[in-house]
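The sequence and coordinates are shown first.

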Amino acid sequence: MADAIVYDVVVVGGGAAGLTAGMFAARRGYKTIIISQDIGGQASTTPDIENYPGIDFIDGADLMKKFKAQGEKYGAEFKFDTVTTLVPKEDGTYLVKAATSEVTTQVVILAFGLSHRHLNVPGEEKLNGKGLLYCAICEPHFYRDRKVIVIGGGSSAVQAATTLSKLASDVTIIGSGERLTAEAVTVERMQAKQNITVLLNGETKEVLGDTQVTGLRVLKKDTQETVDLNADVVFVEIGYMAKAGWVKELLETDARGQIKIGPNCDTSRPGIFAAGDVTTITFKQVVISAGEGAKAALEADQYLLAKSGKRGGRIDWGTKK
Amino acid sequence: MSGIEFTDANFKTGVLAEATKPVLVDFWATWCGPCRVQSPIIEEIAKEIGVAAKVGAMDVDAQPNTAQEYGIMSIPTLIIFKNGKPVWRVAGLQTKQAILAELKKAM
């Protein structure tokens, strides 16, 4: 591969945090690129955002496109790619390797958010997209008169089961614990439906089927009995997780795999900052991620100024008109 | 959508009758969150690939017949057609590089 292009700031991830970090870095005059698999991450899949200050109502994908365009206005580049490796170099810079490209950079801002939690059982990879799906509420009207299983006991699983029950012939929801953890009101709404069966203490062992899902093998933990349930469609709704395993060697992460950060989005390693849902911040919201992205970029600015021998000032008064 | 807007009416001439290059069809709908994430990726592929392939999208609500014919159960579903036959098909959000690799294989 030819010599990698040199950037001041590489942002990994193009959701609310990453796009904002890119915009702030570009406004500071840094050569900046945002490398992401998609535009907007989770926020883009949300049809209505009603709590972003100053905007009464907006489609998530539209809001994220605005974030991106605003960054590009100040020179932030955007590239669709999948970052796979960060290599620290002797001179303190980093080599960022992605599936189809690589760049070197002074600073890395990690903002790649959360991904769907997977089951990690046999059959899952093979049948992904072939009746095994991760987004129930996105596509309910394809399940008319079909037999559906929802795996998960939290709010999104219970809501999905309720929605799907209107169209599916019958729905089985499988919780792994002794009770469903969704809010009481959500569970009550689900219980009012006639065609939903609840199976608790169920541990998924295998997704069954050859080229299309035909069922699910479940261990009933209370009786230690294994049963095969028939299904046309299986939904996995077991929450989200930080897939930060690929930076684990470089950075400190918590038990949930989230990147540990300080108050200004600094990580355990100089030159690497992190922002948004992938970090240890408690609340996962678009407005919070945007703020965290801004903080990460401003802290990166401090780092770059110090590195170049200039003095940084932490207060961002903006530029003089 | 950039790229071609496929419909039940133009599917035969626009997709099935295409004899020289692969055709990528993104089956989507306005209410589908992941489709909204997939669309900009498809748009960029359409721009980048130029005349080497046909790239377009089909709204499964507005154009239900084709979606039904191909048994589209979940969206986004992407299908690459070559000489009128599906040669690659996948459901769920895909990365740009994964789609490009398949398109190039079909060229």
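In which helix of chain B does B:Thr66 lie? The model is a predicted one, and in it B:Thr66 belongs to helix α3 of chain B, residues 64-69.

The relative accessibility of B:Thr66 is 4%. Buried means under 20%, so B:Thr66 counts as buried. Leaving aside residues up to four places away in sequence, B:Thr66 touches B:Asp8, B:Phe11, B:Phe27 and B:Met58.

## Helix packing in chain B

Two packed helices are described by the angle between their axes and the distance between the axes. In chain B, helix α2 (residues 33-49) and helix α4 (residues 96-105) pack with their axes 10 Å apart, at an angle of about 45°. α2(B) and α4(B) are therefore oblique to each other, and their crossing is right-handed.

On the α2(B) side the contact is made by B:Gln38, B:Ile41, B:Ile42, B:Glu44, B:Ile45, B:Glu48 and B:Ile49. The α4(B) side supplies B:Lys96, B:Ile99, B:Leu100 and B:Leu103. By class, the residues of this contact are seven nonpolar, one polar and three charged.

## Helix packing in chain A

In chain A, helix α1 (residues 16-27) and helix α3 (residues 60-73) have axes that come within 8 Å and cross at roughly 20°. Angles under 35 degrees count as roughly parallel, which makes α1(A) roughly parallel to α3(A). The crossing in which α1(A) passes α3(A) is left-handed.

α1(A) contributes A:Ala16, A:Leu19, A:Thr20, A:Met23 and A:Ala26 to the contact, and α3(A) contributes A:Met64, A:Phe67, A:Lys68, A:Gln70 and A:Gly71. These residues divide into six nonpolar, three polar and one charged.

In soluble globular proteins, nonpolar side chains tend to be buried together. Here the largest nonpolar core has 75 residues, and A:Ile109 and A:Leu110 are those with the most contacts inside it. Helix α7 of chain A, residues 286-307, gives the most to this core, with seven residues.

What does A:Ile109 touch, not counting residues up to four places away in sequence? The list is A:Val9, A:Val10, A:Val11, A:Val12, A:Ala21, A:Phe273, A:Ala296, A:Ala297 and A:Ala300.

## Positive phi in two loops

Most residues other than glycine have a negative phi. A:Asn201, a residue other than glycine, has a positive phi near 55°. A:Asn201 is placed in the loop between β11 (196-199) and β12 (202-209) of chain A. With a relative accessibility of 16%, A:Asn201 counts as buried.

A:Gln224 is not a glycine either, and its phi is positive, at about 60°. The loop that holds A:Gln224 runs between β13 (213-220) and β14 (225-230) of chain A. Is A:Gln224 buried or exposed? A:Gln224 has a relative accessible area of 56% and is exposed.

## Chain A as a whole

Chain A has seven helices and 17 strands. Along the principal axes, the C-alpha atoms of chain A fill a box of roughly 65 × 45 × 30 Å. Of the 321 residues in chain A, 50% are buried.

Among the contacts in chain A with a separation of 6 or more, 58% are accounted for by residues 24 or more positions apart.

Terms used:
Residues are numbered from 1 along each chain as its sequence is written. Chains are lettered from A and ligands numbered from 1 in the order in which they are written. This is a predicted model: local features need pLDDT of at least 70, side-chain atom pairs count only at pLDDT 80 or more; totals for chains, interfaces and linings use all residues. Side-chain values use heavy atoms; hydrogens and water are left out. Axes are lines fitted to C-alpha atoms, for helices over the stretch in contact, and angles run from 0 to 180 degrees between N-to-C directions. Helices (H or I, at least four residues) and strands (E, at least two) are DSSP runs, numbered from the N terminus. Angles under 35 degrees count as roughly parallel, over 145 as roughly antiparallel, 65 to 115 as roughly perpendicular and the rest as oblique. A crossing is left-handed if the near helix is turned anticlockwise from the far one by less than a right angle, and right-handed if clockwise. Contact means heavy atoms within 4.5 Å. Ala, Val, Leu, Ile, Met, Phe, Trp, Tyr, Cys and Pro count as nonpolar, Asp, Glu, Lys and Arg as charged, and the others, Gly among them, as polar. A nonpolar core is a set of buried Ala, Val, Leu, Ile, Met, Phe, Trp, Tyr and Cys residues joined through side-chain atoms within 4.5 Å. Buried means under 20% relative accessible area, exposed over 50%, partly exposed in between (1.4 Å probe, protein chains only).
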